[in-house]
Amino acid sequence: MYVLLIAIWLMSPAFPLNPVQQDTLNNVNIHLTVGISGPTRLITPGPEVTAKYEVMFHHPFVLRVAFDYRYGKMNSNLYPKGIFHGTTISTDIFYYRGTNKMTGYLGIGVVYVKNIVTLSNNLSESMYITDNIIDIYMLSQLGYRLTFGLRFHRNYSFELAITEVSPTLVTKTHISKNQFSIRSEEIRLNNVRFTIGYLIPLGW
């Protein structure tokens, strides 16, 4: 539903499709953004920074490759509390329309998520004493992302991105001297993020 509304919005007269010779985007950009990721069932809201490389490969489509880093805290009664470091590599294709003053765009892409969970020493010791848990970690996982964006005066951006991903949380428990138990649970970490950014042109 949201994608349909954004598509209709992009087709409105506010975002004309300019001919190639009057294009509103640089051919190649480095796009740096900062923002905040919303909460999930496991992670608190936290800051996120991203570096993106963008190439307009065919008017009016752009290919983007990006690396994200997200920081947060694990804050759920169902799971151990700790520090969350989220890293994402993604590739997206987006469609844009607009003018030099304002450009709107809609993108979709694939994300590869690698999350790192860091527990405090006291918590790790307590978990081992009470439940014989010796390690907790998340497996890497593929997902997808929808991005809705605006660019102002060619160099400034505002984006809303929705990421859908369900990594596996693994708990390793010590049973005896040479025996361990592994428990895996899929956890939905879908989230919404808002970012502002600046584009550094590398080509025209």
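## Basis of the description

Buried residues are those under 20% relative accessible area, exposed residues are over 50%, and partly exposed residues lie in between, as found with a 1.4 Å probe on protein chains only. By this definition Tyr 198 is partly exposed, because its relative accessible area is 40%.

The model is predicted: local features need pLDDT of at least 70, side-chain atom pairs count only at pLDDT 80 or more, and totals for chains, interfaces and linings use all residues. Residues are numbered from 1 along each chain as its sequence is written, and side-chain values use heavy atoms, with hydrogens and water left out.

## Backbone features in two loops

Strands are DSSP runs of E with at least two residues, numbered from the N terminus. Pro 60 is placed in the loop between strand 2 (46-58) and strand 3 (61-74). The peptide bond that leads from His 59 into Pro 60 is cis, and its omega is near 0°.

His 153 has a positive phi, near 50°, although the residue is not glycine. Arg 154 likewise is a residue other than glycine with a positive phi, in this case near 70°. His 153 is exposed, at a relative accessible area of 54%, whereas Arg 154 is partly exposed at 21%.

## Aromatic pairs and a charge over a ring

Rings of Phe, Tyr and Trp (its six-membered ring) are paired if their centres lie within 6.5 Å; planes under 30 degrees apart count as stacked, over 60 as edge-to-face, and the rest as tilted. The structure holds 3 aromatic pairs. One of them joins Phe 61 and Tyr 95 in a tilted arrangement, with 5.5 Å from centre to centre and 50° between the planes. This pair links distant parts of the chain, since Phe 61 belongs to strand 3 and Tyr 95 to strand 4 (residues 82-98), 34 residues apart. Phe 61 is partly exposed at 31% relative accessible area, while Tyr 95 counts as buried at 18%.

Another pair, Tyr 156 with Tyr 198, is edge-to-face, with centres 5.4 Å apart and planes at 65°. Here too distant parts of the chain are linked: Tyr 156 lies in strand 8 and Tyr 198 in strand 11 (residues 191-203), 42 residues apart. Tyr 156 is partly exposed, with 48% relative accessibility. A charge sits over a ring if NZ of Lys or CZ of Arg is within 6 Å of the ring centre and within 35 degrees of the ring normal. The charged end of Arg 151 is placed in this way over the ring of Tyr 105, 4.8 Å from the ring centre.

Ser 157 is located in strand 8 and is buried, with 6% relative accessibility. Contacts (heavy atoms within 4.5 Å), not counting residues up to four places away in sequence, are listed here by that cut-off. The residues touched by Ser 157 include Tyr 105, Arg 151, Thr 195 and Tyr 198. Thr 195 is 38 residues away along the chain, yet its C-alpha atom is separated from that of Ser 157 by 8.0 Å.

A polar contact is a pair of N or O atoms within 3.5 Å; within protein, one must be able to donate a hydrogen and the other to accept it, and residues adjacent in sequence count only if both atoms are side-chain atoms. The side chains of Ser 157 and His 31 make such a contact, at 2.7 Å.

## Surroundings of Arg 145

Arg 145 is part of strand 7 and counts as buried, at 4% relative accessibility. Its side chain forms a polar contact of 2.9 Å with the side chain of Thr 163. Leaving aside residues up to four places away in sequence, the residues in touch with Arg 145 include Asp 68, Asp 92, Gly 107, Thr 163 and Arg 193.

A cavity is a set of points on a 1 Å grid over the protein atoms alone where a 1.4 Å probe fits but cannot get out; lining residues have an atom within 4 Å of a point. Grid points are joined across faces, edges and corners, and a volume is the space filled by probe spheres set on the points. By this rule there are 2 cavities of 30 Å³ or more.

The largest cavity holds about 190 Å³ of space. Its lining consists of 17 residues, and Arg 70, Thr 88, Val 113, Asn 115 and Asn 191 lie nearest its centre. Strand 3, strand 4, strand 5 (102-118) and strand 11 are the elements that give two or more residues to this lining. The largest share, 4 residues, comes from strand 4.

Note on methods
1 Å grid on protein atoms, 1.4 Å probe; cavity = no way out; pocket = protein on both sides within 12 Å on 5 of 7 lines; lining within 4 Å.
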